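Here is a short briefing to read alongside the model. Please keep the structure open while you go through the points.

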There are 2 protein chains.
Amino acid sequence: MTYTAPLKDMLFIMDHLADLQGLSQLPGFEEATRDTAQAVLEEAARFNQDVVAPLNVIGDREPSHWHHGNVTTTPGFRDAFRQFTEGGWQGVVHPQAYGGQGLPKLIATACTEMLNAASLSFALCPLLTDGVIEALLTAGSEAQKQRFVPHLLSGAWTGTMNLTEPQAGSDLALVRTRAEPQADGTYKLFGTKIFITYGEHDLAENIVHLVLARTPGAPEGVKGISLFIVPKFLVNDDGSLGARNDVHCVSIEHKLGIKASPTAVLQYGDHGGAMGTMIGEEGRGLEYMFIMMNAARFAVGMQGVAVADRATQHALAYARERVQSRPVDGSTKDPVTIVHHPDVKRMLLAMRAMTEGARALAYVAAAAHDRAHAHADSGERARQAAFYEFMVPVVKGWSTEMSVEVASLGIQVHGGMGFIEETGAAQYLRDARILPIYEGTTAIQANDLIGRKTVRDGGATAHAIAAQIAVTETELAQLDIPASRAMRQRLQAGREAFEQVVNFVVGQIKSHPNAVFAGSVPYLKLCGIVFSGWQLARALLASAALRETDPHFHDAKIITAHFFAEHILTQVPALRDAILSGGEAVDAMRPDMF
Amino acid sequence: MTYTAPLKDMLFIMDHLADLQGLSQLPGFEEATRDTAQAVLEEAARFNQDVVAPLNVIGDREPSHWHHGNVTTTPGFRDAFRQFTEGGWQGVVHPQAYGGQGLPKLIATACTEMLNAASLSFALCPLLTDGVIEALLTAGSEAQKQRFVPHLLSGAWTGTMNLTEPQAGSDLALVRTRAEPQADGTYKLFGTKIFITYGEHDLAENIVHLVLARTPGAPEGVKGISLFIVPKFLVNDDGSLGARNDVHCVSIEHKLGIKASPTAVLQYGDHGGAMGTMIGEEGRGLEYMFIMMNAARFAVGMQGVAVADRATQHALAYARERVQSRPVDGSTKDPVTIVHHPDVKRMLLAMRAMTEGARALAYVAAAAHDRAHAHADSGERARQAAFYEFMVPVVKGWSTEMSVEVASLGIQVHGGMGFIEETGAAQYLRDARILPIYEGTTAIQANDLIGRKTVRDGGATAHAIAAQIAVTETELAQLDIPASRAMRQRLQAGREAFEQVVNFVVGQIKSHPNAVFAGSVPYLKLCGIVFSGWQLARALLASAALRETDPHFHDAKIITAHFFAEHILTQVPALRDAILSGGEAVDAMRPDMF
């Protein structure tokens with residue numbers, strides 16, 4: 001049940017796919033040298049492997065628990081969180097002005113992956129705090145920033161996102177929590193929020209809740225929603241903590257997985273009103289929330305990569321040790337370790353290929369985010385921003401969907417032992433199963449991918465990505481080995497299918513919206529597979545050039561890409577067909593016919 | 001969390017796909033009329049809906065537990081089991097000579113599905129007992145049959161299958177349990193068996209263990225294994241129970257799902273030896289075990305159909321009730337129940353289509369089993385037997401793999417609520433996850449499909465099935481509606497891919513065994529999809545002819561088939577490509593390279 005951070009693959013991606021070298025030459029990222037990146041990653045690996053990873057199983061067996069409004073976290077979490085904050089890990093990507101390290105998202109993404117691979121439940125607290133910091137930095141007043149951000153960065157306080165209510169999940173237009181203005185410019189909040197991750201806990205001295213609520217007389221729907229900051233303990237002008245605010249945790253959920261992460265029901269205003277201050281302008285709450293949602297969605301995508309990697313490591317360790325059955329090729333009469341059997345190899349390669357492909361895609365997207373902020377050329381900034389924005393729903397949706405599949409394969413590799421909880425393989429599936437749901441289900445990601453990311457610019461960003469993929473196909477044509485031939489064939493078919501689907505989506509969205517949205521999730525999956533395959537194709541090219549330097553690593557990389565081409569990219573035409581001709585049957589089935 | 005047995009679909013399949021009418025004209029099945037079938041199914045539905053289904057959640061929350069060697073089952077199980085046996089449900093398919101009802105497997109299969117949909121955990125006890133009865137009837141001596149079968153049929157005693165040992169799971173050649181012959185012709189058994197379903201419990205007064213063990217001096221490997229009958233309590237000559245035998249339950253497992261079903265570690269012979277008698281001839285134990293395994297594998301396939309149906313019903317009920325978001329086509333400004341949203345419909349249709357396709361395939365296979373036994377013509381018996389044998393690994397492998405996918409989709413339909421255990425959707429995934437593992441993992445089924453079912457007769461049975469599918473394609477061509485056009489196109493592509501793969505498997509098994517077995521599970525899935533699609537195509541044709549009589553049912557059936565064609569059958573070329581060209585990468589990855 002140990003975890004070994006995949007530092008080699010992380011650095012390979014940074015060096016050869018995400019151009020860390022080029023990134024470190026951009027203004028503001030001068031400190032993000034190769035040496036720094038490696039040092040940060042090695043330190044993160046040590047911390048997460050030694051301190052956090054051992055807590056993962058403990059958190060599953062001794063979940064955080066609620067008693068009279070207080071939540072006691074899993075034994076060991078308080079000490080690990082203290083070490084996390086002392087190590088400065090909350091601030092990796094945040095501005096130095098508030099106490100952060102100001103490193104690129106590319107490097108922070110690797111840190112996020114390691115923390116989540118060590119323990120999804122533990123990592124969720126910093127993940128939400130990151131979102132709160134991001135929202136405050138973007139939309140908060142200078143006073144709000146000064147009052148809250150340094151404490152969030154230091155880890156003295158943590159943050160939460162309060163969106164969901166019993167009747168308002170995917171549809172935030174239905175939010176009913178009220179915020180009543182007071183004479184002093186503050187608000188009193190009243191309402192119930194559910195599914196609040198780390199909404200109550202014992203890791204920090206204060207919890208900063210960001211809450212969506214309606215002001216009196218605000219319009220119906222999303223335009224009437226504003227964003228409020230509601231601390232668990234009020235903060236005095238000198239920064240010290242004041243009275244307990246009127247927000248209380250009335251219960252936490254009994255969940256399938258991530259059991260150490262307390263999922264709170266929070267009651268606001270049962271004793272006179274919870275004091276809050278508005279962030280930014282009235283009626284723009286959802287817009288601000290999307291700032292933190294975008295960061296959180298990307299991070300949840302990394303949770304998918306992380307748990308997939310951990311599940312793969314676990315299954316591989318078992319497959320290397322379990323002896324069962326002779327080889328099918330008759331090469332020996334004795335039973336062998338199951339890692340020799342073709343079907344077990346197929347499963348392990350599928351797990352590895354999907355994980356590495358999703359990782360490469362996410363890191364490349366993170367680097368685009370960095371360039372979108374730091375590049376000197378405004379046109380390039382816009383192109384990089386469009387690329388990143390396109391990738392966010394793909395990274396979130398695909399990495400999490402594949403993580404469920406990978407974790408399930410991990411159980412299968414274990415055979416009967418996989419079903420026994422003590423083995424540990426089942427926890428990854430239980431934990432991973434929330435990832436395609438929270439921070440927006442895969443369908444919500446797919447709606448975003450279609451509406452805001454594909455259709456809004458008439459498919460321009462999508463076709464620009466296709467053109468980049470075509471360049472990689474040309475490069476593959478220069479390399480005459482079986483892996484590159486297979487990859488070129490499958491990647492080309494995948495890219496062409498992607499373009500067909502983009503044209504279908506853009507062309508039919510107005511006239512046949514039901515048909516287009518019946519294919520929304522298949523479209524997202526198609527994008528996830530094609531783009532992951534593209535990054536593995538680029539990895540293949542880089543590894544072919546480098547293989548003499550480290551044949552063990554690069555040969556495996558080439559084979560992994562080859563496998564992805566033949567076993568995963570081959571699924572793309574199926575998804576295309578389902579999208580292009582699958583809408584009619586879905587539309588024909590009236591709700592009353594089920 | 002209620003369960004409604006899908007009687008209409010079951011009877012539709014029996015009438016129009018499995019030819020119950022024809023079956024009831026075969027010698028021995030005269031009593032299996034349409035009226036009898038309907039009466040038995042309705043009675044089974046009442047019992048399972050009212051008595052067993054409510055126990056499903058209770059079994060998850062209050063699992064069977066172990067104390068000092070005894071196992072207390074979930075509250076309510078004892079009473080339900082008493083009603084199960086009093087209703088004669090253990091004997092539906094077994095000979096009247098021993099107290100059974102002698103009904104066709106076709107009808108028994110529907111009963112099995114309902115019992116398992118009501119509660120997988122509860123149904124496992126009768127499932128294993130069925131296998132023991134089948135093995136005794138086939139290989140037992142007349143004395144053994146008389147002594148054990150009536151008690152097993154009445155439910156006074158239950159049965160278990162003891163194959164697995166810590167070092168011997170998929171590879172039974174590694175079995176080490178010893179059986180030492182005694183002067184009186186009995187044996188004393190010594191060893192440890194694990195993963196023994198209902199190996200100990202409080203539902204019946206005796207437990208009949210069938211145990212694989214080695215006799216002294218027996219050859220290495222599978223040929224040295226014999227089968228023994230080892231009752232928990234010895235049976236006196238007058239049929240009364242005697243002394244406690246030396247087999248003891250030392251623990252039960254803590255599992256991901258099916259928690260009410262006790263999974264025992266059984267220790268044989270720690271106190272002098274467990275008394276057993278040999279079944280059939282020495283050294284033929286594995287052969288006999290395969291008799292019961294074949295029945296059990298088919299039944300586990302039905303467990304897949306069952307839990308998939310229950311998960312679908314659960315998700316549909318939620319989707320009909322949960323209001324969230326406006327329709328994407330703008331048809332109203334108000335939020336609607338989520339069953340109106342295209343992606344939710346897509347998920348529900350996928351769940352329904354996979355479930356109904358797998359059900360139809362299993363029932364058609366069951367009817368072939370009946371004809372293989374009862375048909376007057378020996379050539380027809382052989383053809384039906386070959387068909388059934390081919391289908392067993394497909395029904396087991398595909399129905400269980402798809403059940404995991406369906407249960408996972410069921411969680412997704414629920415959104416965040418799906419992750420909360422109280423909702424009940426998560427249990428189906430946890431329960432279903434064992435199905436592709438026990439009674440032979442999907443890889444083991446796939447090996448059987450390749451070795452014994454496809455290659456042994458040079459692909460003859462496989463090509464005969466393809467020819468039958470081609471007939472259905474011709475019939476589809478006579479019906480000019482969108483659903484039949486789509487189905488014909490996709491089914492033809494699927495059938496052609498199946499034939500290509502069969503030729504590849506038969507042609508390459510000797511020269512490239514590793515490449516063939518790297519595609520074994522994809523081959524099994526391809527078969528599952530093509531054959532399920534074939535049965536839904538036949539259902540489409542029947543429903544098109546009948547739609548006037550019941551448009552609500554038949555239109556939904558036609559749309560379900562249409563959906564299957566465009567969303568599931570479209571996956572077949574991807575599987576074919578992975579099989580035909582995916583072996584090279586798997587082979588290239590040496591175990592040390594992972």
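Searching the whole structure turns up 70 salt bridges over all chains, each one a side-chain nitrogen of Lys or Arg within 4 Å of a carboxyl oxygen of Asp or Glu. This is a predicted model, in which local features need pLDDT of at least 70 and side-chain atom pairs count only at pLDDT 80 or more, while totals for chains, interfaces and linings use all residues. Side-chain values use heavy atoms, without hydrogens and water, residues are numbered from 1 along each chain as its sequence is written, and chains are lettered from A and ligands numbered from 1 in the order in which they are written.

**Salt bridges within a chain**

- Side chains of opposite charge can pair when their charged atoms come close.
- In chain B, B:R430 pairs with B:E421, with 3.1 Å between the closest N and O atoms.
- Both B:R430 and B:E421 are buried, where buried means under 20% relative accessible area, exposed over 50%, and partly exposed in between (1.4 Å probe, protein chains only).
- B:R485 and B:D480 also form a salt bridge, at 2.6 Å from N to O.
- Here B:R485 is partly exposed at 44% relative accessibility, and B:D480 is exposed at 60%.
- In chain A, A:D377 bridges to A:R383, with the closest N and O atoms 3.9 Å apart.
- A:D377 is partly exposed, with a relative accessible area of 38%, and A:R383 is exposed at 51%.
- A network of salt bridges links A:D9, A:E113, A:D309, A:R352, A:E356, A:R359 and A:K557.

**Helix α1 of chain A**

- Helix α1 of chain A spans residues 7–16, and seven of its 10 residues are buried; helices here are DSSP runs (H or I, at least four residues), numbered from the N terminus.
- Among the buried residues of α1(A) are A:D9, A:M10 and A:F12.
- The cover over the buried residues of α1(A) includes α3 (34–52), α10 (342–374) and α18 of chain A.

**Where chains A and B meet**

- The contact (heavy atoms within 4.5 Å) involves 91 residues of chain A and 91 residues of chain B.
- Two salt bridges are counted between chain A and chain B.
- A:D577 forms a salt bridge with B:R490, its closest N and O atoms lying 3.4 Å apart.
- On the side of chain A that touches chain B, helix α18 (residues 551–568) of chain A gives the largest share, nine residues.

Notes. Helix = DSSP H or I, 4+ residues; strand = E, 2+ residues; numbered from the N terminus.
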